[in-house]
Amino acid sequence: MTATSTVDSPSGPSSKREERRVLAGTLVGTTIEWYDFFIFAQLTATLLAPLFLSPLEKSNPGVAQLLSFATIGISFLFRPLGAFVAGHLGDKMGRKAVLVMTLVMMGAATALIGVLPTYETIGLWAPVLLIFLRVVQGFSAGGEWGGAALMAVEHAPIKKRGLFGAYPQIGVPIGMILATGLLFFLQSGMSKEDFSAWGWRVPFLLSVVLIVVGYLIRRAVGESPVFKELAQRKAESKAPLGELFRRNKKEVVLAALIFIANNAAGYLLIAFFISYATKALKMPLPPVLLATTIASFGWLIFTMVGGWLSDKIGRVKTFLIGYGVIFAWMLPMFILIDTKDIVLYGTALFVLTIGLGLSYGPMSAMYAEMFPAQVRYSGISIGYALGSILGGAFATFIAQALLDATKWSGSVSLYIMGLCIISAVGVILAKETRGRPLGYSVHH
């Protein structure tokens, strides 16, 4: 039989002040994590190949660009390890402690990239050290999202889980706005030579300031009520990971499938379009960065709409609408981009963010509702990390390889459309989760 505690209540958090702290704590952490990731991804699209792979850049720039995109993917391969470790610790020790740890790790790795010598200074050690720091970033990112999502959803009133869960999600577009906006101002305000010589280091070093702010906010947030209840139970699972793979393998697989199309399409916006526009279409970089920044506001708005809408019509319907928009827009989007008109380029990206937001906003709530409390951190973190590998890890690499092989931008569209079908099937198989109890349950 199964005994279930009903920790959920319409009242949600004990006070509005605690509610604001939780939402701020989950938002600021994911914003900083993704700012760090996006700074690297966007500089990979424009600058890091000549700095860290200079001999290859001179002899074969196309291969150098492919390899630099591959460095984005390398960090994703270590996300599952971070998810395993952080998920296990989060289910045993609590969401809060692990969130602080992942935040500090990501910030330290990012700041160190900002002081890393280039190939001209230390030769082959430069790309080796860069890859090592990317691995650290991937490890910490693997544990970050799950803890932030659970802190938000487990504190939420039952009818606002989707909305609360959208707060850690909007850390992605906000991080992108900060990263792309900063790069736009730096690129516009200094010469190309100065930016290549030292200006590119500034965004990485500024991460230190963000980490201090994020640490202070997160330290003030209380542990989630579901974990508090869980910690009081004598019957708490002694090995969350073991229990997860005994009882919830299907949910882990579905969580991964649900995410892959959103993550892949998102990384086109984050990195590939910037490279494609500036290198293949020869569009000037500053306006391309500005268009990407403006589109990121669309991603922010529609992610919040997606979370809110999932509380009204359900998680499954909201996801399917989002994936339907991405699927339908893929071919028209590249037609607009290929005009080389900056207004049409910006319009193409903005419309894509409608689908991205609607298929990202409900994710925290749906994932949390898919897993029982005692394995929830492990389950959603590992599912999310696996979805990242199958989706975004090598999306920019695959898109560039398809473009090189076919000389047709529509091949990239077909690739993302195929992933949309896979993710939509995952959503349908997961079935509707809205309103499921989140409290501790023990099987005996």
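1. Two rings of Phe, Tyr or Trp count as a pair if their centres lie within 6.5 Å, and the pair is edge-to-face if the planes are over 60 degrees apart. By this rule the structure holds eleven aromatic pairs. The model is a predicted one, and the points below should be read with that in mind.

2. One of the aromatic pairs is made by F273 and F334, with 5.7 Å from centre to centre and 70° between the planes, which makes the pair edge-to-face. F273 belongs to helix α14 (residues 249–280) and F334 to helix α16, so this pair links distant parts of the chain, 61 residues apart. F273 and F334 are both buried.

3. F334 also pairs with Y276, again edge-to-face, at 6.0 Å centre to centre and 75° between the planes. Here too helix α14, which holds Y276, is linked to helix α16, which holds F334, across 58 residues. Y276 counts as buried because its relative accessibility is 6%, under the 20% cut-off. F334 is buried as well, with a relative accessible area of 2%. Together with F272, the residues F273, Y276 and F334 form one aromatic cluster.

4. Next come the charged side chains. The structure has four salt bridges. In one of them R376 meets E154, and the closest N and O atoms are 2.9 Å apart. R376 is in helix α19 (residues 376–390) and E154 in helix α8 (residues 125–154), so the bridge joins distant parts of the chain, 222 residues apart. Both R376 and E154 are buried.

5. R161 forms a salt bridge with E369, with 2.8 Å between the closest N and O atoms. This pair also links distant parts of the chain: R161 lies in helix α9 (residues 161–189), E369 in helix α18 (residues 363–370), and 208 residues separate them. R161 has a relative accessible area of 0% and is therefore buried. E369, at 3%, is buried too.

6. Because R315 lies in helix α16 (residues 315–337) and E369 in helix α18, the bridge ties together parts that are 54 residues apart in sequence. R315 is buried, as is E369.

7. Is R134 buried or exposed? R134 counts as buried, because its relative accessibility is 1%. The side chain of R134 is joined to that of Q137 by a polar contact of 2.5 Å.

8. A last point concerns L186, which is found in helix α9. With a relative accessible area of 14%, L186 is buried, since the cut-off is under 20%. Leaving aside residues up to four places away in sequence, L186 touches F195, G199, V202 and P203. L186 and W200 are 14 residues apart in sequence, and their C-alpha atoms are 8.3 Å apart in space.

How values were computed
Residues are numbered from 1 along each chain as its sequence is written. This is a predicted model: local features need pLDDT of at least 70, side-chain atom pairs count only at pLDDT 80 or more; totals for chains, interfaces and linings use all residues. Side-chain values use heavy atoms; hydrogens and water are left out. Helices (H or I, at least four residues) and strands (E, at least two) are DSSP runs, numbered from the N terminus. Buried means under 20% relative accessible area, exposed over 50%, partly exposed in between (1.4 Å probe, protein chains only). Contact means heavy atoms within 4.5 Å. A polar contact is a pair of N or O atoms within 3.5 Å; within protein, one must be able to donate a hydrogen and the other to accept it, and residues adjacent in sequence count only if both atoms are side-chain atoms. Rings of Phe, Tyr and Trp (its six-membered ring) pair if their centres lie within 6.5 Å; planes under 30 degrees apart count as stacked, over 60 as edge-to-face and the rest as tilted.
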